[in-house]
Amino acid sequence: MHRFTITTLGCKVNQYESEALAQKLSDDGQWVILRDKEIADLCIINTCTVTQKASMQSRQAIRQAIRSNPGARIIATGCYAQTEPDEIKKIKGVHHIIGHFEKHKIPDMILAGKENILPSPVLKHKSHHFNSMPSAGLGYRTRPFLKIQDGCNAFCTYCIVPYARGPSRSLPPEQVLDNINKIHQAGYHEVVLTGIHLGNYGKDLGKQNADLLDLLNRIRESCTIDRVRLSSIEPCELTEDIIKCVAQSDSGQTKFCHHFHIPLQSGDDFVLKRMHRPYSRSFFADLVEKIHKLLPDSAVGVDTLIGFPGESDEAFENTYSLIEQLPVSYLHVFPFSARKGTAAYSYPERVNSNVIKERCHKMRTLGKLKKSVFYNKFKGKTLEILIEGKQSNAGGLLKGTTSNYIPVLVKEEDKLKNTITNVMIDEVNDNNQVFGTIS
């Protein structure tokens, strides 16, 4: 029996792909994934390069795998491997660098025999074909991911992802439905639909009625899994029809989670234009208010990118004040990171790093306040949670997640992982930990 590890950095799509690769290797019976400190025969590092820090962490993860697993075969893949293969080549001990075009072939390469894994040049993205991963990535989490879209055509001026992932391409709807049904048949209650540019789903398929809204309607009509959650979706692509579809699903067998994650990046119109973001401050405000009106209990998560070149004090305050006045549930706050190869890499008017740090701290403090207000809104109310397992850092309490993305801690030994139950929200502490009682 051969032993392997997969180290994953970055987004939900990377996590899905790592889990799918691990599942394919494990299913064969020749390989077993390690979850402790044993020495592996094979190490796969699925890298990220969305920021300078992510690239640095990817290099560190590769070096750590080499140090901890003497004699192991080392494979680097993912976004950093795609965009900076020459940098990885400088790390002594890496056997193969495999880009996104061939990532899905890794299990077959390995199962053919370790010695048959051939060095492969990192190919540039030219095809619009969606490379399906070898499985749905089951067995590693209670709420499995399903990648239904890859790549991006937007080319925001700060973003390296289109260069790493290539053009937008979609998994055909029939295969999406089939995968969701397989996940349900395997005993799962929720699936998270993921993509690099999820709202662009279907536009490359060349078919009528093959967009995201049509897919969601087909899921609602033909799938019986309890919950479907959408990952991040761009503001202009989160239409009123999609919001209504989510709201109306409560009457069907499959319910869409009352949870939207929307990248804002900046609340200043000048900065948005410079970022190549196709919406305005007022458009975003109207969208969030529309969600709140149609789904008052919905969680609305927001990404902000702080310190973009030319972001003045006034521009930052425009972002801060917009978030402050909107019914936002939580924030993801990222400092600007110049990525070589993007338009913004050469932009003048760089913001001082200490100023960026101060602005990020202020925005994260606002995010904690927003989360507290949202969580406390449900105190004394009964919500449905999906039990995900025990949290050792919370005294061994069980953790469950609501449809509207509230993590709830409960004390109930009889409830098993991967079960749905009702819980009364009792308390929200100063650290925004939510405690409940199963009813």
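In which strand is Lys 147 found? Lys 147 lies in strand 6, where strands (E, at least two residues) and helices (H or I, at least four residues) are DSSP runs numbered from the N terminus. The model is predicted, with local features requiring pLDDT of at least 70, side-chain atom pairs counting only at pLDDT 80 or more, and totals for chains, interfaces and linings using all residues. Residues are numbered from 1 along each chain as its sequence is written, and side-chain values use heavy atoms, without hydrogens and water.

Lys 147 has a relative accessibility of 3% and counts as buried (under 20% relative accessible area, with exposed over 50% and partly exposed in between; 1.4 Å probe, protein chains only). Its side chain forms polar contacts with the side chains of Glu 17, at 2.7 Å, and Asp 150, at 3.2 Å. A polar contact is a pair of N or O atoms within 3.5 Å; within protein, one atom must be able to donate a hydrogen and the other to accept it, and residues adjacent in sequence count only if both atoms are side-chain atoms.

Asp 150 is placed in strand 7 (residues 149-150) and is also buried, at 5% relative accessible area. Leaving aside residues up to four places away in sequence, the residues touched by Asp 150 include Glu 17, Phe 130 and Arg 165 (contact: heavy atoms within 4.5 Å).

Strand 6 (145-147) also packs against the buried residues of helix 8, as do strand 9 (190-194) and helix 9 (212-222). Those buried residues are Pro 173, Val 176, Leu 177, Asn 179, Ile 180 and Ile 183.
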